[in-house]
Amino acid sequence: MQEIKREILISKASEMLNSGAVDRVLGWKKGEFDYDITPAIFRTADELEKEFVWNDFCGANFSKYLVKETGKSENKILVFLKPCDTYSFNQLLTEHRFDREKVYAVGVSCDGMLDAGRIKAAADGISAVHEDGDKVIVDTLYDGSLTLDRTAVLPDRCVNCKSKKHVAYDELLGSDGDVIDSARFDEVEKIEKMTPDERFAFWQNELSRCIRCNACRDVCPACTCEKCVFDNPNSGVENKAAANSFEEKMFHVIRAFHVAGRCTDCGECSRVCPQHIPLHLLNRKFIKDIDNFYGEYQAGAEVGSCAPIVNYTTEDLEPGEAVERGDGNA
Amino acid sequence: MRKVSLDKLDLLFSAISGAGTLYIPVDTEAGSKYEKWESGKTLSNALNTVRSAKDFFFPQTENLMDFKMEGKSIEVIDTRSECEDFVIFGVRACDVKSFEVLDRVFLADPVDSYYKNRRDHAVIVSMACTKPRETCFCGTFGIDAANPDGDVVCYKTDDMLYMDAKTEKGAKLLEKLASVTEESDDTAVNEQKKVIAERLAKLPLAELSAEAFGSGKTSVFFDAPEWKELSESCLGCGTCTFVCPTCQCYDIKDFNTGHGVKRFRCWDSCMYSEFTKMSAGQPRLTQLERFRQRFMHKLVYYPTNNDGLFSCVGCGRCLEKCPIQMNIVKVMKKLGGSIK
């Protein structure tokens with residue numbers, strides 16, 4: 001259940017539209033089912049009233065849409081940002097990917113966004129989803145109502161939420177929280193403890209399901225290249241589908257390297273993967289290593305911060321040392 | 001009609017696999033998927049597999065031929081291996097219909113011999129849907145989830161699996177299974193069909209109509225202003241096209257292995273920026289045009305070229321998997337509703 005009510009968001013957005021301070025609102029639009037929500041541009045208060053939604057399924061991170069949207073118009077756009085979205089927002093600003101002056105950022109407090117996939121796995125046919133405190137009530141088409149624990153249907157990124165603090169906003173709706181000392185690296189540690197063969201087998205199994213739909217890349221706020229190398233027929237590495245399982249690894253590993261130091265751990269890659277590949281674990285390994293080797297660093301925590309791996313200092317550890325400090329598992 | 005007790009499914013599967021390699025939907029940590037049956041593997045209870053059954057006939061990648069160069073001569077090597085008979089068990093009505101959509105593309109002149117080879121060797125054992133989901137809308141395209149096509153059609157009750165042959169191929173398979181199945185009347189099956197019909201009528205998308213679309217409607221929808229809003233938040237990924245049972249676009253590429261050249265075919269997606277790029281450039285410059293292409297193909301172009309047959313079967317996979325939850329149902333409601 002979210003602390004802030006939908007009406008508060010609509011009222012803020014309508015006020016901004018009506019005053020002419022912004023001419024578009026980037027928000028969540030209701031669909032066919034309770035869990036079915038699409039990112040959308042709203043242009044009038046009437047549209048907001050009819051179709052805007054704010055509930056436990058508003059997981060989509062809007063930061064990346066700002067790159068395209070701010071390029072379309074000279075006018076300001078209002079965007080709603082959850083705490084984790086604000087890190088992506090800052091990171092994109094650091095990379096000069098959009099014009100801050102064209103955005104009115106409204107921070108919204110977040111109590112975690114549910115994973116519709118987990119709810120669907122528990123119910124054959126859903127007619128409605130509503131909440132009662134820490135329970136999620138699912139009305140099904142054939143088996144009456146099911147009561148699920150909210151924590152059981154939260155995705156990993158929310159179970160191990162790294163921050164309830166908004167690191168960027170023009171205005172905040174609801175309360176601001178704190179950076180959380182989460183257990184988000186526990187899964188990474190488990191994988192680190194595997195033998196190289198076990199680890200290879202683990203990723204081989206996970207990545208063998210990849211269908212190269214590119215959803216992870218296309219949703220990723222750190223992937224904003226105008227032309228991705230994997231889409232370029234002249235690059236020699238364009239592979240629309242992997243010819244073998246090595247190519248799938250190449251795509252994902254190269255992508256993880258490419259966003260290392262810039263990935264804020266927003267978790268969108270794993271949210272959108274149609275094959276449930278825990279892609280965020282690759283990125284978290286990089287984040288953990290950066291913390292370990294260069295001191296704690298959170299991408300997007302501040303605008304303009306220089307990631308350790310693009311900031312050479314003479315104190316930087318040597319590659320050989322990195323391998324040793326990673327217990328041979330770096 | 002034949003029947004077999006559900007606690008003897010292992011025996012049944014063992015008998016089927018005697019007739020050809022058997023694939024059944026099984027549960028995995030990432031949802032239901034088809035796997036080669038071996039003793040101990042149990043049938044998934046999920047309504048459908050995450051990936052569609054088209055993979056059996058139109059795999060994501062396939063090697064078409066090899067070339068070997070020596071001096072100035074090029075040897076062309078046919079890499080095809082003769083396909084063996086196989087049985088796909090538990091295919092839902094929507095996916096069975098998708099084979100007809102694919103057949104009209106791959107079996108039309110010139111026949112795609114790679115595809116045909118696999119089609120010829122397959123026996124389709126379909127399964128009626130006892131619990132269709134909220135995302136199902138096969139009825140919109142005239143498909144009846146209670147009466148799937150296929151070589152053999154199955155009905156699963158609480159304790160029994162009923163099997164009925166629909167084609168000669170199917171009758172032959174059932175003959176081979178005579179020792180593990182017994183003769184049955186169709187009382188239980190008729191009862192189940194009635195229950196399914198009632199359930200289908202109550203589905204949230206039961207009223208969705210494709211009437212506004214179809215053959216010859218290109219000019220009606222092509223320039224519709226709604227495409228802008230519909231495509232606005234599309235990420236341009238290929239999820240919808242890759243989980244879709246009827247999407248059939250592919251690319252053919254040559255790959256230099258260092259020892260020769262492999263020519264392979266892989267799935268392609270109209271959602272991708274380089275799709276059908278030509279010497280003159282990319283014909284669809286923005287995501288709006290790419291997005292429009294996909295839905296116009298399903299709802300207008302394909303029917304125009306195929307006697308009015310739609311190339312959507314209402315399986316609901318795109319509703320389940322689109323990262324931004326935009327899909328053909330929303331497109332149809334938005335566009336169909338705007339046509340007076």
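In this predicted model, Ile24(B) has Glu35(B), a residue of S3(B), as its bridge partner. This bridge belongs to a longer arrangement. Strand S2 of chain B, residues 21-28, pairs with strand S3 of chain B, residues 31-36, in the antiparallel sense, and the pairing runs over six bridges. Two residues lie between S2(B) and S3(B), and the two strands form a hairpin.

Let me now turn to chain B as a whole. Its secondary structure comprises eleven helices and twelve strands. How does the radius of gyration of chain B agree with that of a compact globule? For 340 residues, a compact globule would have a radius of gyration near 20 Å; chain B has 22 Å, and therefore agrees with that expectation. The C-alpha trace of chain B spans about 65 × 65 × 40 Å along its principal axes. Of the 340 residues in chain B, 41% are buried. If we take the contacts in chain B between residues at least 6 apart in sequence, 71% of them join residues at least 24 apart.

Next, the domains of chain B. Domain 1 covers 2-67 + 74-202, and domain 2 covers 218-338. Taken over C-alpha atoms, the centres of these two domains of chain B are separated by 26 Å. Across the boundary, 32 residues of domain 1 of chain B are in contact with 27 residues of domain 2 of chain B. Which elements give two or more residues to the domain 1 side? They are strand S4 (61-70) and helix H2 (93-106) of chain B. H2(B) gives the most, with eight residues. By class, this side of domain 1 of chain B has 15 nonpolar, nine polar and eight charged residues.

Finally, I come to the two chains together. In chain B, 37 residues are in contact with 34 residues of chain A. On the chain B side, the elements that give two or more residues are helix H8 (239-243), strand S11 (250-256), strand S12 (261-267) and helix H11 (328-338). The residues of this side of chain B divide into 17 nonpolar, nine polar and eleven charged.

Terms used:
Residues numbered from 1 in each chain as written. Chains lettered and ligands numbered in written order. Predicted model: local features only at pLDDT ≥ 70, side-chain atom pairs only at ≥ 80, totals over all residues. Helix = DSSP H or I, 4+ residues; strand = E, 2+ residues; numbered from the N terminus. Rg over C-alpha atoms; globule rule 2.2 N^0.38 Å. Buried ≥ 20, exposed ≤ 12 C-beta atoms within 10 Å, placed from the backbone. Contact = placed C-beta atoms within 7 Å. Nonpolar A, V, L, I, M, F, W, Y, C, P; charged D, E, K, R; others polar. Pairing = 2+ DSSP bridges. Domains from an automatic or database assignment.
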